[in-house]
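The sequence and the structure come first, and the points are grouped by topic.

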Amino acid sequence: MIETSQLRLLPWRSPEGKPCYLSTSDPNSRFSRLADEIEEEQIECGNVVLEGAQEVLADEAAGEVAVRFALTQALLSLREVLLVAHSRGRRLGSVGEP
């Protein structure tokens, strides 16, 4: 059985909410490239959400619904970006390994 430390953590979860992994040594495989693209989109979305949340917080007239919406979106984006960071951090540990 392959250890999860040898697998790439993917930037999405199963329908049950469990982590998904990719077993490949080819960083240019179709699924590796797809995962790279999705990670970049998640980071870009996180930046957009951050800007929106900052605008809501700066608006003294923003109501509870707007603040709760901004916080919910920020939480979802943070969860995705942390998953990307965790996945990339695991791969940094394997640089130079066969």
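D36 and R8 form a salt bridge through their side chains, with N and O 2.7 Å apart; the term denotes a side-chain nitrogen of Lys or Arg within 4 Å of a carboxyl oxygen of Asp or Glu. This pair connects distant parts of the chain, since D36 belongs to helix α1 and R8 to strand β1, 28 residues apart. The model is predicted: local features need pLDDT of at least 70, side-chain atom pairs count only at pLDDT 80 or more, and totals for chains, interfaces and linings use all residues. Residues are numbered from 1 along each chain as its sequence is written, and side-chain values use heavy atoms, with hydrogens and water left out.

**Pairs around R8**

- Helices (H or I, at least four residues) and strands (E, at least two) are DSSP runs, numbered from the N terminus.
- Buried means under 20% relative accessible area, exposed over 50%, and partly exposed in between (1.4 Å probe, protein chains only).
- R8 has a relative accessibility of 9% and therefore counts as buried, whereas D36, with a relative accessible area of 28%, is partly exposed.
- A salt bridge also joins the side chains of R8 and E39, at 3.3 Å from N to O.
- That pair again links distant parts of the chain, with R8 in strand β1 and E39 in helix α1, 31 residues apart.
- Both R8 and E39 are buried.

**The link between the helices**

- E40 and R88 make a salt bridge in which the closest N and O atoms are 2.7 Å apart.
- Because E40 lies in helix α1 and R88 in helix α2, this pair ties together parts that are 48 residues apart in sequence.
- E40 counts as partly exposed at 45% relative accessibility, and R88 counts as partly exposed at 30%.
- Through shared partners, salt bridges join R8, D36, E39, E40, R88 and R91 into one network.
- The count of salt bridges by this rule is six.

**Helix α2**

- Helix α2 spans residues 64-92, which is 29 residues, and reaches 41 Å from its first C-alpha to its last.
- This reach is close to the 42 Å expected at 1.5 Å a residue, the expected span being 1.5 Å times one less than the number of residues.
- The residues A70, S77, L83, V84 and S87 of α2 are buried.
- Strand β1 (8-13) and helix α1 (30-58) are among the elements that cover the buried residues of α2, where contact means heavy atoms within 4.5 Å.
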